[in-house]
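Subject: Handing over the model

Hi there,

Here is the structure I promised to pass on to you. Have a look at it first, and then read on for my notes.

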Amino acid sequence: MARDPLSLTALAGVGFAQLSVVRERLEQLREASGLTQQQAMPLFAGAADPDAALGAVLELFRSAPDVIAPVFDDSDATRRLLRVLGASDGIAEFFHRHPQELSCLAAEITALPGPEELRIDLLDAVDAHDGIAAATDVEEDAWCALRVRYRRRLAQIASFDLEQDDQVGGLDAVADALSDLAAAAIEASLAVARAQTIGSGPGRFAAEEVRATRFSIIGMGKAGAAELNYVSDVDVIFVAEGDTAEAEEPGGLSNARAVDIATRLAVLTMRGVFAPAIEPGLWDVDPNLRPEGKSGALVRTLDSHVAYYERWAKTWEFQALLKARPLAGDMGLGERYVAALAPLVWNSSSRENFVESVQRMRERVTDNIPDDEVNHQLKLGPGGLRDIEFTVQLLQLVHGQSDDRVRQSGTLPALAALAEYGYIGRVEAADFAQDYRSLRLMEHRLQLRYLRRTHLMPRDEGDLSVLARASGLATGSHALLEKWASIKQRVRGLHERLFYRPLLSAVAAMPSEELNLTNAQAEARLAAIGFRDPAGSLTHIRALTGGVSRRAAIQQHLLPVMLQWFADGADPDYGLVTFRRLSEGLGSTHWFLRMLRDSSGAAQRLTRVLSGSRFVGELLGLIPASVAWLESEEDLRPRSRAVLREETRAILARHDRPDAAATALRTARRREVLRLAFAAILGSSTVEELARGLSDISENIIEGVLGSIRGALDGANEFEFAVIGMGRFGGRELGLGSDADVMYVFRAPEGATDAAHTAAKTIVSELVRLTEDNALPLDLDIDLRPEGKNGPSVRSLDSYRAYYARWSLTWEAQALLRARGVAGDEALQRDFESLADEIRYPAAIDEHAVREVKRIKARVENERLPQGADPARHLKLGRGSLSDVEWLVQLQQLQHGAHIPDLRTTSTLDALAVCAANDLIDDEDALKLHEAWIFASRARSAMTLWTNKTSDVLPVDRLQLDGVARLLEYPPGSASQLEQDYLAVTRRARGVFERLFYGIEDRPEPSTG
């Protein structure tokens, strides 16, 4: 029994989705055209959206039956029409507006039109002669004629495109034709603009002057590269010249006059393409890639362009000029424009901060994608077109500096040239060219459907099915998504495949199909991605990947990805050399390379800490096994005080001699500080957690070493001894590189004070000696003790009491605000803190003492800043920095601590919060102070991490400042942004400080004595 061609199954097999109405519509088509349903089914089977094609045809029969009927007399013409209508609602709408244009599909289109054919045809549409269109009373008439002719040609190109057996393979020719059609449209619009510019009145010029104006329209982006989609913005730059110098000369046209005329021509040319009219506009003509962007002059002379690019242009502007070509107007001037700027383009990769500039541009593109579009972007998303274009352009800029054979404007020609001349493996280049064409084909079909600019994959299953049929890439929506996912996965490895792996080919035996760069080529790539010593880095790569060992084989697989991550870091050279040292020390272990290869994040974390911190690099050299922590986020959390103390007790139990115990404790301290440094760099701990963790570690080593000393010293346990933390140590606010401010106190039985004092001094001396660590200094600073540097290193509790009762100065009471017992006998710690409370929280503080605090602060600002240091950049003593916040909070504690128990804390931030809660400082001011304290604290630790040196001054050097910025989680190239942010935060804090600390009327003059 014959199958019913109109069964629901048969209709669905053809591609119809509106099954409830399709039979009725096919019957309507039969009545209108005479086409039987059996004849119709195979014709509609070729349409991407048979429902849309059927609906459009029926509408044409209703509105223009006499025009469409002849098309249905020819089955081939019918098939072409249905295929176009089923792929493009936009072209269907065009035919509804202009049914007479259906004749463009009457004959088979066996070849795409060339650029000259298109140019002549579109100029003919506006009746242009000698580059000037025939005058019309209404300018829109010419615009509409141009747009109608353009869309007629577009329908023919679409028909040819959809008829191809291999639509992916035919993409290049279609993109060329679309680019040629756009150029022809701009040429024709320029001819109309010339006609509208000639005459008298505002905006009009003499015909001789208009004809004498050399005006060229330079195509940029996809237009310049001949890679246009069905609906792309056409990026352009306008350049003009007269035939004399700027000063008027008899019989000549000055450059200034030519620019005025050309500006009028440019404006009218753009209007002719996209201004509102009866026939809708074609696409946007975008001139914003011109010098100075939207703020710059619309038209410049060639000399003005060259002067700008020589002096002011940013790296991304040269990258944009890679694709520049004359598009319309005076082609000779356009060629001179391209030739004049080419040397600047091809030398741009040697510019300072080249890589950072390119990275910032790429990141801006990614950052600007709305969150709900990231996974649907064909162009800008991960694994999209921009990934391929970006890498090809970067390779061109690197190698095109010395090899003009790769200086191609189009992505695919550039990819082919890079492969042909040995910069990319041929197989690899072919794979990525295929992926690029597939992505572009999907983009073409999406834009063709509605003749609207889009780069987003559909989310509706029906729309995905239409795209699959239109592109021929898959048989259905699910298959198309699977194919797209596989393309994205391959493209996301673009940097590794096309940029990083060839670096290994230059130094190691690689498979024959891989690229084998020369040393010079490999060094050029390393320099381009940010390595400052490419020759040295190549040596390290050679050492890591050389030989035939299993270790070398694993490194060959690891390094392409790791090189990319190193290059993303602030100091890739240091990261690579430190990685080599680690690999040589750990490469023979069973776990190191396996961890890097198999762990989801360990290798990337390692590259990040190595390329971002010399502090970590040096400590890792002492404790290489600590890289194992990078496999687990839990291992990067600071250890609790209880865990640290338990380990200390175990160390003391194993070692009788203080020197041996201290060695083990110093190693434990290095290990735990390194753990915190990892966490700080990787963003897994806050600055407050870092401060508490560092304070706990310092307390632990002091307590452990003190215990080992007292255990070995005769008579040491016959009296009490304690260590009092002061300053940031007492406040549990240490940063990396901070000194540990301390005071020492003892208490002896009656009559044994002198002997205890002697023993206590021995303990202090041994404590300093045994905690000293050249690799990770621990400076036990006792300058805050009574009498300062002139006072004894250790006192009895009674001596402290007597001193404070008789001699204590205001600054010493202020210093005691952060005094806290950290090690030794707990009863003595508590008693010292009780004594300190009597001094630091007075029942009342007189005005003289308050003024003394203010006077000392002013003196500190004047005298303690290092000579030549910028007060705005000093993180500790500068304006709005740590000391401003701390002194203001401490003044509040001195004044109100006796009456507000919660103010009796050694923590600056806790005390600041209490001040806000008790309305001593309003919430807005407290927030400004809090932000400044946090920012300065983070910056101090970041500087130590970056340089492995302690410094309190924000760097001026941009390279150093950028390294600090990266550790503060800024993107690459953010030195200036970090500087601006810090100055802004501290300026706000300084305003609060001056208002609340000094007051308007009673700020003392800084002392010079």
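Which residues form one aromatic cluster? They are Phe-566, Phe-579, Trp-591 and Phe-592. Rings of Phe, Tyr and Trp (its six-membered ring) pair if their centres lie within 6.5 Å; planes under 30 degrees apart count as stacked, over 60 as edge-to-face and the rest as tilted.

Before the rest, two points on how to read this. This is a predicted model, in which local features need pLDDT of at least 70 and side-chain atom pairs count only at pLDDT 80 or more, while totals for chains, interfaces and linings use all residues. Residues are numbered from 1 along each chain as its sequence is written, and side-chain values use heavy atoms, with hydrogens and water left out.

Helices (H or I, at least four residues) and strands (E, at least two) are DSSP runs, numbered from the N terminus. Buried means under 20% relative accessible area, exposed over 50%, and partly exposed in between (1.4 Å probe, protein chains only). Contact, or touching, means heavy atoms within 4.5 Å.

**Aromatic pairs**

Searching the whole structure turns up 20 aromatic pairs. One of them is stacked because the rings of Phe-215 and Phe-238 have their centres 5.7 Å apart and their planes at 25 degrees. Phe-215 belongs to strand S3 (residues 214–219) and Phe-238 to strand S4 (residues 234–241), so this pair ties together parts that are 23 residues apart in sequence. Both Phe-215 and Phe-238 are buried.

Phe-993 and Phe-997 make another stacked pair, at 4.7 Å centre to centre and 20 degrees between the planes. These two sit 4 residues apart in helix H44 (residues 975–998), so about one helical turn separates them. Phe-993 is buried, with a relative accessible area of 0%, and Phe-997 is buried at 1%.

**Strand S8 and its partners**

Strand S8 (residues 720–725) is mostly covered, with 5 of its 6 residues buried. Strands pair if DSSP finds at least two bridges between them. S8 is joined to strand S9 (residues 740–747) by 6 bridges, and the two run antiparallel; here Phe-721 stands opposite Phe-746. S8 also runs antiparallel to strand S12 (residues 820–824), with 4 bridges between them, and Ile-724 has Gly-821 of S12 as its bridge partner.

**Helices that pack**

How do helices H8 and H10 pack, and at what angle? Helix H8 (residues 115–125) and helix H10 (residues 171–197) pack at about 35 degrees, with their axes 8 Å apart. Axes are lines fitted to C-alpha atoms, for helices over the stretch in contact, and angles run from 0 to 180 degrees between N-to-C directions. On the H8 side, the contact is made by Pro-115, Leu-118, Arg-119, Leu-122 and Leu-123, while the H10 residues include Ala-177, Asp-180, Leu-181 and Ala-184.

Helix H3 (residues 37–45) has Gln-37, Ala-40, Met-41, Leu-43 and Phe-44 buried. Among the elements covering these buried residues are helix H1 (8–14), helix H2 (22–33) and helix H21 (461–471).

Thr-269 is in helix H13 (residues 255–274) and is buried, at a relative accessible area of 3%. Leaving out residues up to four places away in sequence, Thr-269 touches Ile-186, Ser-189, Leu-190, Ala-193 and Ile-217.

Ser-583 is in helix H27 (residues 572–586), and is buried with a relative accessible area of 2%. With residues up to four places away again not counted, Ser-583 touches Leu-544, Arg-551, Gln-555 and Phe-592.

**Some loop residues**

Val-548 lies in the loop between helix H25 (534–545) and helix H26 (550–568), and is exposed at 86% relative accessible area.

Most residues other than glycine have a negative phi. Asp-130, not a glycine, has a positive phi of about 55 degrees. Asp-130 is in the loop between strand S1 (128–129) and strand S2 (132–133) and is exposed, with a relative accessible area of 78%. Arg-732, not a glycine either, has a positive phi of about 55 degrees. Its loop runs between helix H34 (727–730) and S9, and Arg-732 counts as partly exposed at 24% relative accessibility.

Enjoy exploring!

Best wishes
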